Amino acid sequence: MPFKSHCRPVCASKTIVLTGASGGIGTIVTQKLLDQGHVVVALSRTAPDISHEALTHIRYDAANLHDIGQINKKILEKISYIDVLLHCAAIISPSTIENSQPEDIIRQISINLTAPITLTSLLLPKIPAGGRIILVNSMAATIPLAGSSVYGATKAGLRNFALSLAQEVRSKGISVSSIFPGAV
């Protein structure tokens, strides 16, 4: 089923930094934003399968803390401000906690929770008043599901991060929102 937006297009072009652009929701959203005339800086391990003059890809592995630390410099080489920071990157490794491997647990926490928090912290000074931070969350943040305890915990953490962050940046004129899609 093709993606159909029920949102009105935004009139003015925005500069958007988007994580997870090479797969799933991130790819769909990237294409839609480009179609609406926005400039997109796509952060992902591999380049999205999209060719567009307003798209810049920066290699970014959300599980690698070194990549997160270097990303601010790489972004500033391309743009001087960010209208929208959109976190789409996520991973799930379905397994009961008893059968989960430590590497899978750490990777899910790094990509789904640590990376969005750290990246937001680094990029926040580049978001002016009127800017937005959007976190693609999951219904797993509110509805427990056996076999997804780590994923659900990361998404619940992301939900609370967004709620607290909204309070922290409200006085700066920056809005924070979470989107809770169902299974993709």
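A63 is partly exposed, with a relative accessible area of 26%. That residue sits in the loop between β3 and α2, and the model it belongs to is a predicted one. Confidence first: the mean pLDDT is 90 for the protein, with 93% of residues at 70 or more. Where pLDDT is low, the predicted coordinates should not be read in detail.

**Around A63**
- Leaving aside residues up to four places away in sequence, A63 touches R107, S110 and I111.
- A63 and Q108 are 45 residues apart along the chain, yet their C-alpha atoms are separated by 8.1 Å.

**The sheet**
- Six strands make up an open sheet, paired in parallel and ordered β3-β2-β1-β4-β5-β6.
- The edges belong to β3 (55–59) and β6 (175–179); each has a single partner strand, so one side of each has no neighbour in the sheet.
- Direction ignored, neighbouring strands are turned by 15 degrees against each other on average.
- Strand β2 (residues 39–44) runs parallel to β3 and is joined to it by five bridges.
- Within that pairing, L43 stands opposite I58 of β3.
- On the other pairing, β1 and β2 also run in the parallel sense, over five bridges, and L18 has A42 in β2 as its bridge partner.
- How enclosed is β2 by the rest of the structure? Largely so, because five of its six residues are buried.

**Helices on the sheet**
- Helix α2 (residues 65–78) lies across β1 (15–19), β2 and β3, and runs at about 155 degrees to β3.
- Helix α4 (residues 149–169) packs on the sheet too, touching β5 (132–136) and β6, with its direction at about 170 degrees to that of β5.

**Where α3 meets α4**
- Helix α3 (residues 102–123) packs with α4 at an angle of about 10 degrees, and their axes are 9 Å apart.
- Angles under 35 degrees count as roughly parallel, and α3 and α4 are therefore roughly parallel to each other.
- On the α3 side, the contact is made by I105, Q108, I109, N112, L113, P116, I117 and T120.
- On the α4 side, V150, Y151, T154, G157, L158, F161 and L165 take part.
- Which classes of residue make up the contact of α3 with α4? There are ten nonpolar and five polar residues, and no charged ones.

- D104 lies in helix α3 and counts as partly exposed, at 34% relative accessibility.
- In sequence, D104 and I91 are 13 residues apart; in space, C-alpha to C-alpha, they are 9.7 Å apart.
- A115 is in helix α3 as well. Is A115 buried or exposed? At 1% relative accessibility it counts as buried, because the cut-off for that is under 20%.
- Not counting residues up to four places away in sequence, A115 touches Y60, A62, I68 and S110. S110 is also one of the residues that A63 touches.
- I143 is another matter: A115 and I143 are 28 residues apart along the chain, and 23 Å separates their C-alpha atoms.

Terms used:
Residues numbered from 1 in each chain as written. Predicted model: local features only at pLDDT ≥ 70, side-chain atom pairs only at ≥ 80, totals over all residues. Heavy atoms only, no water. Pairing = 2+ DSSP bridges. Helix = DSSP H or I, 4+ residues; strand = E, 2+ residues; numbered from the N terminus. Axes fitted to C-alpha atoms, helices over the stretch in contact; angles between N-to-C directions. Contact = heavy atoms within 4.5 Å. pLDDT = per-residue confidence, 0-100. Parallel < 35°, antiparallel > 145°, perpendicular 65-115°, else oblique. Nonpolar A, V, L, I, M, F, W, Y, C, P; charged D, E, K, R; others polar. Buried < 20%, exposed > 50% of the residue type's maximum accessible area, 1.4 Å probe, protein only.
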